[in-house]
Amino acid sequence: MRDKRETEIVKDVLLGDTQAFGLLVREYKGPVFNLMLRMVSDGDIAADLSQEAFVKAYEKLDSFKLGKRFFPWLYSIALNVARDWLRSNGRDKHVFMEDASVMVPPGDGQDTHKAIENRLDGGKAFEMVLALPTKYREALMLRYKYEFSMQEIATSLEISVSGAKMRVSRGLDMIRHQFDEGNDD
């Protein structure tokens, strides 16, 4: 969904067309659910927290800055809902990631052997991302899966832009280091 269309939808909701919010829910229910599942590792709880995140987003919609991307704003709300739940339940953060094959798209003119190697590397990279501390894992997910800008990552994670750059850079360094160790075997 394009940013301009999202801005129009938000305007419609703010003018009283509450049904229009459903378009935003349909667009982002998957990414929000996946975030929750990565954070709590339980499908039922993730579904409840996803719903809570959308309710909070609806309630706070008047604070959304028109013209900005909607998803980073929603992601911040969802991340705070997950953090609140984890704090109140004293739970460890476990991680679930989508299929690793999404990191390395098949085809695109490569031969089959190379495509399989890339998929294996993608799967290996996902396992490494899973093992990262949450702050680095979420920064990498936002940057490379959801294509957030550094400013959007900073806003979503409630850190400075330089802090966002540092987390992405350190996360990548950790992954590179693990790849290098794996290639030395």
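Predicted model: local features only at pLDDT ≥ 70, side-chain atom pairs only at ≥ 80, totals over all residues.
Start with the helices. Two packed helices are described by the angle between their axes and the distance between those axes. Here the pair is α2, residues 21–40, and α6, residues 134–145. Their angle is about 160 degrees, and their axes lie 12 Å apart. An angle over 145 degrees counts as roughly antiparallel, so α2 is roughly antiparallel to α6. The crossing of α2 and α6 is right-handed.

Which residues make the contact? From α2 come Leu35, Arg38 and Met39. From α6 come Thr134, Glu138 and Met141. By class, this contact of α2 with α6 has three nonpolar, one polar and two charged residues.

Now turn to empty space. Rolling a probe the size of a water molecule over the atoms shows where such space is left. The largest pocket holds about 330 Å³. Its lining includes Ser63, Phe64, Lys65, Trp73 and Gln151. Helices α4 (70–89) and α7 (150–157) are the elements that each give two or more residues to this lining. Sorted by class, the lining of the largest pocket has three nonpolar, four polar and four charged residues.

The second largest pocket has about 220 Å³ of space. It is lined by 10 residues. Nearest its centre lie Arg69, Phe71, Lys145, Tyr146 and Glu147. Two or more lining residues come from each of α1 (3–14) and α4. What classes line the second largest pocket? Five residues are nonpolar and five are charged, with no polar ones.

Look again at Arg69. This residue is in the lining of the largest pocket, and Arg69 also lines the second largest pocket.

Note on methods: Residues numbered from 1 in each chain as written. Heavy atoms only, no water. Axes fitted to C-alpha atoms, helices over the stretch in contact; angles between N-to-C directions. Helix = DSSP H or I, 4+ residues; strand = E, 2+ residues; numbered from the N terminus. Parallel < 35°, antiparallel > 145°, perpendicular 65-115°, else oblique. Left-handed = near helix turned anticlockwise from the far one by under 90°. Contact = heavy atoms within 4.5 Å. Nonpolar A, V, L, I, M, F, W, Y, C, P; charged D, E, K, R; others polar. 1 Å grid on protein atoms, 1.4 Å probe; cavity = no way out; pocket = protein on both sides within 12 Å on 5 of 7 lines; lining within 4 Å. Points joined across faces, edges and corners; volume = space filled by probe spheres on them.
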